[in-house]
Amino acid sequence: MSEQSMANVPATDDAQWWRSAVVYQVYPRSFSDLSGDGVGDLAGLIDKLGYLELLGVDAIWLSPIMRSPMADHGYDVSDPRAIDPLFGDLDTFDELIRQAHDRDIRVTMDLVPNHTSDQHPWFSGALGAAPGSPERERYIFADGRGDDGELPPNNWTSVFGGPAWTRIVEPDGRPGQWYLHLFAPEQPDLNWNNPEVLADLQTTMRFWLDRGIDGFRIDVAHGMAKPDGLPDLEHPAEVLLHSDDDPRFNNEAVHDIHRAIRSVMDEYPGTFNVGEVWVRSNEAFSRYVRPDELHLGFNFRLATAGFDADEIKEAITESLAATASVGAVPTWTLSNHDVPREVTRYQPTGEAADGRTPDDLLAIGTIRARAMIMVELALPGTVFIYNGAELGLPNVDLPDDALVDPVWENSGHTDRGRDGCRVPLPWEGTEPPFGFSSRSDTWLPIPADWAALTVESQLEDIYSMLSLYRQAIELRYARPEFSGDTVQWYGAPEGCLAFRRPGGLICALNASDRPVPLPPGQILLVSTPLEGGLLLPGAAAWLV
Ligand code: GLC
């Protein structure tokens, strides 16, 4: 039996509620549409707060709702201190905070500090100003290489595919400088060497914190700082992926930025930041969650591990180690708006899928996703649930003409992008749009075969994914056995894993292909009914 612990963790007090919280990610376009334009909105979210209370979550994280031309569905912000009219207005936002707080649900929101929209007044100003002007200095403009500057300043590619540089036409009509965009050309990177950029972010943070927001999810929190001299990439990077030594990300100066962000958060006790930190090494990760930087960092190991006991155990062990060294809190997430949904991710592929129908594969993916939410909720730390996971939604294979993620166009149609995990939620009824909207042509089409996955059909079914989530979240709160910040690993049959929390909770997962006996104890919850007292393949159990 080995033991891992989160060192120096003080006892949870109310200002640190987020240390063991369940946070529900709302992708606003896809949650609930009350205005009837086929896109979700804040009024729709307010309308469904009762549902979130029933689910039992502590907080929501709203993907961006600021004013945006929507080139990257809100991650291209043209006014960081306004609500986009597609989603509502500041009054609706204030009402959301008020009603959510009345229900004891905290509200956190995305902040996008790495880049702005190309429609942000700063960027229009930069285009209209001369090279080297203060307006240009807010972004990363550079002269091109080659005799006439016709080649980009370096070989960086965009995360969405294609070059990370776009050449502009100067105010005098001549081809001119290039600007950097790690994402779409409509998302120019800010120059974080310019103090104006930090000052503006701090103004934005206070703007929302003063309205009562409880925290932020920091987009591309390992981005922002760029290395001196902008050295070339040594290896070509794949679309949507990068390694730890990629010069585009994870540069040392980013930690100064996080300290400056944290200093604002510390003015507002009880709030927290969680950063999107796509770094693999534990040492590099831990630096982001030192006591004066981010409160929490997304660790994506579990979201990228397959349904395999060794991989899952390693993801857990490494995620705990990445926070323990600095006394930080681990986070757990199985999916989000950038990552394939777990029901799809856990489906067998290759030889293991041979001879199985798509329905069989979906059933297996669903069984495994049920088990994995139990594994996740059994762990110490903060759990993030992506909207629709609680309904067991799979990814959707959308037709080419429905795809709207900029990744599809920017990758030259080589990567289908992330639309498949962003399809609107089914609420009720028997046909699309399943109560999501009054309009049938929703921004992404909802599959007709989601009738059995609606909230309405799952609420009353005690065996549904939704009921499992509700029971598991409730037990996690109510039972003292979930206490303690450590995980002790048990011996388990091959292909399985089992761990124990100091409070006495035991979580067992059968990722093998045969039924296995359970560890001793009294059963608290199972993801799939036992057969002959045995834990079935793909199932998990909680025991005390
Ligand atoms: C983050 C977001 C993603 C967005 C990108 C650019 O990775 O999660 O959805 O496209 O940043 O802002």
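**Ligand site, domain interface and salt bridges**

In this predicted model, an oxygen atom of the ligand lies 2.8 Å from an N or O atom in the side chain of Asp219. The chain is assigned three domains, namely domain 1 (2-115 + 196-465), domain 2 (121-180) and domain 3 (488-543), with bounds that come from an automatic or database domain assignment. Because the model is predicted, local features need pLDDT of at least 70 and side-chain atom pairs count only at pLDDT 80 or more, while totals for chains, interfaces and linings use all residues. Residues are numbered from 1 along each chain as its sequence is written, and side-chain values use heavy atoms, with hydrogens and water left out.

**Around the ligand**

- The ligand is surrounded by 14 residues, each having a heavy atom within 4 Å of the ligand, and the closest are Asp72, Asp219, Glu276, His337 and Asp338.
- Arg217 places a polar side-chain atom 3.0 Å from an oxygen atom of the ligand, and an N or O atom in the side chain of Arg418 is 2.9 Å from an oxygen atom of the ligand.

**Between domain 1 and domain 2**

- The C-alpha centres of domain 1 and domain 2 are 31 Å apart, and 22 residues of domain 1 are in contact (heavy atoms within 4.5 Å) with 16 residues of domain 2.
- About 1,600 Å² is buried between domain 1 and domain 2, with carbon and sulfur atoms giving 61% of this area; buried area is the accessible area (1.4 Å probe) that two parts lose on being put together, summed over both.
- On the side of domain 1, Glu196, Leu230 and Arg248 lose the most area to domain 2, and together they make up 32% of what that side buries.
- The rule finds 1 salt bridge across this interface, where a salt bridge is a side-chain nitrogen of Lys or Arg within 4 Å of a carboxyl oxygen of Asp or Glu.
- Glu196 forms a salt bridge with Arg138, and their closest N and O atoms are 2.8 Å apart.
- Helix 6 (195-210) and helix 13 (406-410) are the elements that give two or more residues to the side of domain 1 that touches domain 2; helices here are DSSP runs (H or I, at least four residues), as strands are (E, at least two), numbered from the N terminus.

**Salt bridges in the whole structure**

- A search of the whole structure finds 27 salt bridges.
- Glu53 forms a salt bridge with Arg103, with the closest N and O atoms 2.7 Å apart.
- Glu53 lies in helix 3 (residues 49-55) and Arg103 in the loop between helix 4 (90-102) and strand 6 (106-111), so this pair ties together parts that are 50 residues apart in sequence.

Terms used: Polar contact = N/O pair within 3.5 Å; in protein donor to acceptor, adjacent residues only side chain to side chain.
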